[in-house]
Amino acid sequence: MRDHDRTALILGIESSCDETAAAVVRAGSEALSNVVASQMSLHANYGGVVPELASREHLRNVVPVVREAMAQAAVSFDDLAAIAVTEGPGLAGALLVGITYAKALAFGLGKPLIGVNHLEGHIHAVLMEARQRSEAPMELPLLALVVSGGHTHLYLAQQSEQGAWSYRNVGRTVDDAAGEAYDKVAKLLGLGYPGGPWIDALARRGNPRAVAFNFAQIKPRPHREGISMPDLMPNKKAPLSADGPSFDFSFSGIKTAVLRYVETHDMRQCVEARRKAIAAMGDAKPDIEAVAALCDAQTLDLIASFQYAVVGNLLRQTFAAAESFGANGIVISGGVAANSELRRRFQAEADRRGLPIAFPSLALSTDNAAMIAAAAWPKFLAEDFAPESLAATPQLRLGQS
Ligand code: KG4
Ligand code: ZN
């Protein structure tokens, strides 16, 4: 490593979904700034991210957000060693804004451009923070669970021959992402968007054992061509692919089960009343006490049971995969990693097994650009720079499956 490389600054830019973000990170481990402009309130009115609106907002925000990140870090463009940008996965138009701006900036400054996979960013955010806390570095191979509104993936991170990181996708959702299930269930219960934080807060007030959601009852789907999934429960029953078992997830069944529960228990009127009351609270983020007051015990029990089942399923698959691949540690990332029950139960299980586990801070568990700059660091050292033809890749995958 060249001496100046140890202190090199990378500007990261992220615009894959509904957050325009920029950050300056030193040597992949110290965030000098981390600015995020969220479009959450804009999309809240629609109950989900509207791609056209997202692109327009990114276009409006990208310049001021980068300026703010540079100002907060108190550095100039000349001080940067490279520009890193999310190349995918994400919304095509949204990605395009960040990539086009990053390219123009890199070209104008004569600095290298580094393309980063958003999912790799989520994984590196956690490792960056663990390093900052001066924890002993977790040794590869690591098992990473990326769990957000768009993804529920298990990756095995290994050291490649060149010393860089390589990834293998050893599990993924066959339908909805876990965060998507949270958002859809929150919506069908008349709660606000995004639904995860509301369900997290309300679940504490209900009985998680009130309603038994059984993942084993979810109808299995074909995993890959020629391979059928006998069961979505973990470990021994996981389907074998050429490189070993894969640990898949399915979350659309539980969403349907919640819907059926609402219908068969005559909860519709209650849901509508809550939806109207929350809408009447206006744009301001409603207070949890006020929202909880709109939920009867049956609703709170349903919410608690839903979360208990989802977290349990994530936990079983993750630890079964870690055991199966001999992982030395577990890294959890993505928006759902903010979930309090998930953190508590994963930590307890890891402690029981004596396995190191790391979660992102609440600030870094949602989309941000510090994670993009951190993930770019090993690529910077390896001079793995993006070609001028770098394009938005909405379906970009991480590693081989
Ligand atoms: O990673 P993220 O910010 O965006 C992407 O999807 O890439 O994740 C957002 C997702 C949403 O589905 C949101 O409902 C969920 O993360 N989420 C949570 C919590 N906070 C955010 N889900 C459960 N519990 C939470 N506390
Ligand atoms: Zn994300």
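**Cysteines and aromatic pairs**

Cys17 has 25% relative accessibility, so this residue counts as partly exposed (buried is under 20% relative accessible area, exposed over 50%, and partly exposed in between, with a 1.4 Å probe and protein chains only). Please keep in mind that this is a predicted model, where local features need pLDDT of at least 70, side-chain atom pairs count only at pLDDT 80 or more, and totals for chains, interfaces and linings use all residues. Residues are numbered from 1 along each chain as its sequence is written, and side-chain values use heavy atoms, with hydrogens and water left out.

**Cysteines**

- Zero disulfides turn up in a search of the whole structure (a disulfide is a pair of cysteine sulfur atoms within 2.5 Å).
- Cys270 takes part in no disulfide, and its nearest cysteine sulfur belongs to Cys295, 7.3 Å away.
- Cys270 counts as partly exposed because its relative accessibility is 25%.

**Aromatic pairs**

- The count comes to seven aromatic pairs (ring centres of Phe, Tyr and Trp, the last by its six-membered ring, within 6.5 Å; planes under 30 degrees apart are stacked, over 60 edge-to-face, the rest tilted).
- Trp165 and Tyr167 make a tilted pair, because their ring centres are 6.3 Å apart and their planes meet at 35°.
- Trp165 is partly exposed at 25% relative accessibility, whereas Tyr167 is buried at 8%.
- Tyr182 and Phe306 pair edge-to-face, with 5.2 Å centre to centre and 80° between the planes.
- Tyr182 is buried at 2% relative accessibility, and Phe306 is buried at 0%.
- One aromatic cluster is formed by Trp377, Phe380 and Phe385.

Definitions and conventions. Chains lettered and ligands numbered in written order.
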